[in-house]
Amino acid sequence: MRFTVEYPVSGPGHDPALLTRAGVGAVARAADRLGFDAIAFTEHPAPSLKWVRGGGHETLDLTAALAFCAAVTERIRLMSHLLVLPYHNPFAAAKALTTVDLLSDGRLTVVAGTGYLRSEFLALGVDFETRNERFDEALAVMRALWSSGGAAVWHEGRHFTGRGVAHLPGPAQPGGPPVLVGGNSALARRRAARQPG
């Protein structure tokens, strides 16, 4: 059995020191030393204050926090829990995640989902109604980039276009980091069941 530590700011009343360099470093090093399988950060780049006050939580930037943890740990896996893929351009997301994978010597695991906060989609300029299409297309683009081996990647899709894109350097893990699908809907469960591995 494996255990993951979700970074402990997901509820009200957390110690503000947990959102400092010293706090994040101490938690990550302790989880590494104690044998936890992974440390995970969630993603809410633009939540509404109403959501935060109604039981939501603060978050750090997911990829920046994971990169920081890569620098202060040796063994523990680094996990997005969960990356809201429709918020991102997949070419930029693949680059950011590849950087974490490289700087951690291949310790990244991506858990991705479609998201659910309409107000956050609005704040980020992303159409909420197309989140499932965007998720599927973005994941296909990222996998193509990660498995390209330096060859040009061409993608002409409904939401994203890339012509002859070079994804260099490639990730440390061949084919890219493992991707797990998260979510609570029937569609998310079907999508997870179709994932390779």
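The following legends describe close-up views of a predicted model.

**View 1. Helix α1 and its surroundings.** Helix α1 covers residues 21-33, a run of 13 residues. From the first C-alpha to the last, α1 reaches 18 Å, close to the 18 Å expected at 1.5 Å a residue. The buried residues of this helix are G23, V24, G25, A28, A30, A31 and D32. The elements that cover them include strand β1 (4-6), strand β2 (38-41) and helix α3 (62-72). Just after α1, G35 adopts a positive phi of about 90°.

**View 2. Strand β3 and its two parallel partners.** Strand β3 comprises residues 77-84. Six of its eight residues are buried, so β3 is largely enclosed by the rest of the structure. Strand β2 pairs with β3 in the parallel sense through four bridges, and F41 stands opposite S80 of β3. Strand β4 (residues 108-113) also runs parallel to β3, to which six bridges join it. In this second pairing, L78 stands opposite L108 of β4.

View 3. The peptide bond that joins H81 and L82 is cis, with omega about 15°. L82 belongs to strand β3. Another cis peptide bond joins L168 and P169, and its omega is about -5°. P169 is located in the loop between β6 (161-165) and β7 (179-181).

**View 4. The largest cavity.** A search of the whole structure finds one cavity of 30 Å³ or more. About 80 Å³ of space lies in the largest cavity. Eleven residues line this cavity, and those nearest its centre are Y7, V9, F41, T42 and T59. By class, the lining of the largest cavity consists of five nonpolar, four polar and two charged residues.

**View 5. The second largest pocket.** The second largest pocket holds about 170 Å³ of space. Its lining is made up of 14 residues, of which E43, D61, L62, T63 and H88 are the closest to its centre. Helices α3 and α4 (90-103) each supply at least two residues of this lining. The greatest contribution comes from α4, which gives four residues to the lining. Eight nonpolar, four polar and two charged residues make up the lining of the second largest pocket. Helix α3 is also shown in View 1, among the elements that cover the buried residues of α1.

**View 6. L139 in helix α6.** L139 is part of helix α6, which spans residues 131-146. Its relative accessibility is 6%, so L139 counts as buried, the cut-off being under 20% relative accessible area. Along the chain, L139 and P86 are 53 residues apart, and their C-alpha atoms are separated by 9.4 Å.

**View 7. D105 between α4 and β4.** D105 is placed in the loop between helix α4 and strand β4. Its phi is near 60°, a positive value in a residue other than glycine. The relative accessible area of D105 is 70%, and this residue is therefore exposed, since the class begins over 50%.

Note on methods. Residues are numbered from 1 along each chain as its sequence is written. This is a predicted model: local features need pLDDT of at least 70, side-chain atom pairs count only at pLDDT 80 or more; totals for chains, interfaces and linings use all residues. Side-chain values use heavy atoms; hydrogens and water are left out. The expected span of a helix is 1.5 Å times one less than its number of residues. Buried means under 20% relative accessible area, exposed over 50%, partly exposed in between (1.4 Å probe, protein chains only). Contact means heavy atoms within 4.5 Å. On a 1 Å grid over the protein atoms alone, a cavity is a set of points where a 1.4 Å probe fits but cannot get out, and a pocket is an open set with protein on both sides within 12 Å along at least five of seven lines; lining residues have an atom within 4 Å of a point. Grid points are joined across faces, edges and corners, and a volume is the space filled by probe spheres set on the points. Ala, Val, Leu, Ile, Met, Phe, Trp, Tyr, Cys and Pro count as nonpolar, Asp, Glu, Lys and Arg as charged, and the others, Gly among them, as polar. Two strands pair if DSSP finds at least two bridges between them.
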